[in-house]
Amino acid sequence: MKHFILIIFSLMVLTACSLPKHELSPFADIHLHFNWDHEELLSAKEAVKILEDHNVVLAVVSSVPSHYSLKLKEAGGDWIIPLVTPYYHAGNRLNWYFDKTLVGKIRKLIETGDYAGIGEVHLATGVGQRRDNPVFVGLLELAKEFNLPFLIHTDAGDYRYFLPICKKYPEIRFLWAHAGGVLGPEQLEPLMQACPNVWLDLAARDPWHYDYFAYDDYSLLDGWRELIIKYQDRVMTGTDPVWNAHQIYRWYEADEGWAHYSDFHHFQRRWMARFPANIEQKLRLTNAQKFFGVK
């Protein structure tokens, strides 16, 4: 059965990579994962080839466990930027915040110089850790101490869940994963005003992940275009190549998300293409280059 799944996966990847690289402008993908359950279906070298085929020139990767992101960098080079996550093994994604030794472990990983940021770190209202959880706060303090960006994922129905965090830590450059997930422009605007240290990550705001924010012709729903133009220097995007994130009982099965990479990727290109060229270039590439300090 596993052999059959691998064959189907390989066919999907070959189909996804059908567009020639020379037709694609350089792209910064700031939300990637290469996890233990991805590697069951493709190697780091194969994942890098998918990125190269889509002319990705800057790739930001967080992994479970963290060191899997280093596999992608080893296979690809310095254009791949690893982040360190609190999920240091496959089974602790839902209980890492109980581990009083975790902050020390993450400090040691940061001190190696191998990681350029912290994240993705997940918070959710009503379940999991509180915002004042000492392990979570410890990660924030590490980001502050080492001047590292922090990729934060907040599952909440209101921007005010994240607001106390970004206001308390104005020194930290937050990348807000999926632009709050289910939040619309009316929820994003007040936080962007209140916290100039927050950048929007629009990865996974597509038909396969979170709330779709574009029509079938890739024009944006009401309020989105105005919001992005207003904060055009603080918006980036990526693909988030996971396929089972919203199917809870599949977390411990192989994740075929990379086989769908082309769909995620070209959705992002198409809505950005609706903007003037100078704004599109910021969203697609230069904002990410500035944020992560690369050329």
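This is a predicted model: local features need pLDDT of at least 70, side-chain atom pairs count only at pLDDT 80 or more; totals for chains, interfaces and linings use all residues.
Local features rest on pLDDT of at least 70 and side-chain atom pairs on pLDDT 80 or more, while totals for chains, interfaces and linings use all residues. Residues are numbered from 1 along each chain as its sequence is written, and side-chain values use heavy atoms, with hydrogens and water left out. Helices (H or I, at least four residues) and strands (E, at least two) are DSSP runs, numbered from the N terminus.

An open sheet of 3 strands has the order β1-β2-β3. Its pairing is parallel; two strands pair if DSSP finds at least two bridges between them. Strands β1 (27-33) and β3 (80-82) form the edges, and each pairs on one side only. Neighbouring strands are turned by 20 degrees against each other on average, direction ignored. Strand β2 covers residues 56-62 and is joined to β1 by 5 bridges. Across this pairing, L32 stands opposite V61 in β2. Helix α9 packs on the sheet and touches β1 and β2. Its direction makes about 140 degrees with that of β1. Such angles run from 0 to 180 degrees between N-to-C directions, and axes are lines fitted to C-alpha atoms, for helices over the stretch in contact.

Helix α9 (residues 261-272) also packs against helix α10 (residues 277-292). The angle is about 155 degrees, and the axes are 9 Å apart. That makes α9 roughly antiparallel to α10 (under 35 degrees counts as roughly parallel, over 145 as roughly antiparallel, 65 to 115 as roughly perpendicular and the rest as oblique). R269, W271 and M272 in α9 meet E280, L283 and R284 in α10; contact means heavy atoms within 4.5 Å. By class, this contact has 3 nonpolar, no polar and 3 charged residues. Here Ala, Val, Leu, Ile, Met, Phe, Trp, Tyr, Cys and Pro count as nonpolar, Asp, Glu, Lys and Arg as charged, and the others, Gly among them, as polar.

Another open sheet has 5 strands in the order β4-β5-β6-β7-β8, again with parallel pairing. Its edge strands are β4 (118-124) and β8 (235-236), and each pairs on one side only. Strand β6 (residues 174-176) is joined to β7 by 3 bridges. The partner of L175 in β7 is W199. Helix α7 (residues 185-194) lies across β6 and β7, at about 150 degrees to β7.

The largest nonpolar core holds 73 residues. Such a core is a set of buried Ala, Val, Leu, Ile, Met, Phe, Trp, Tyr and Cys residues joined through side-chain atoms within 4.5 Å. F150, F174, W176 and W271 touch the most other members. Helix α5 (residues 134-146) gives the most to this core, with 6 residues. Beyond its neighbours within four places in sequence, F174 is in contact with residues including L140, F150, V198 and W199. A second, separate core of 15 residues includes A28, I81, W199 and L285. In soluble globular proteins, nonpolar side chains tend to be buried together.

E253 lies in the loop between β8 and α9. This residue is partly exposed, with a relative accessible area of 41%. E253 and H38 are 215 residues apart along the chain, yet their C-alpha atoms are separated by 9.3 Å.

How values were computed:
Buried means under 20% relative accessible area, exposed over 50%, partly exposed in between (1.4 Å probe, protein chains only).
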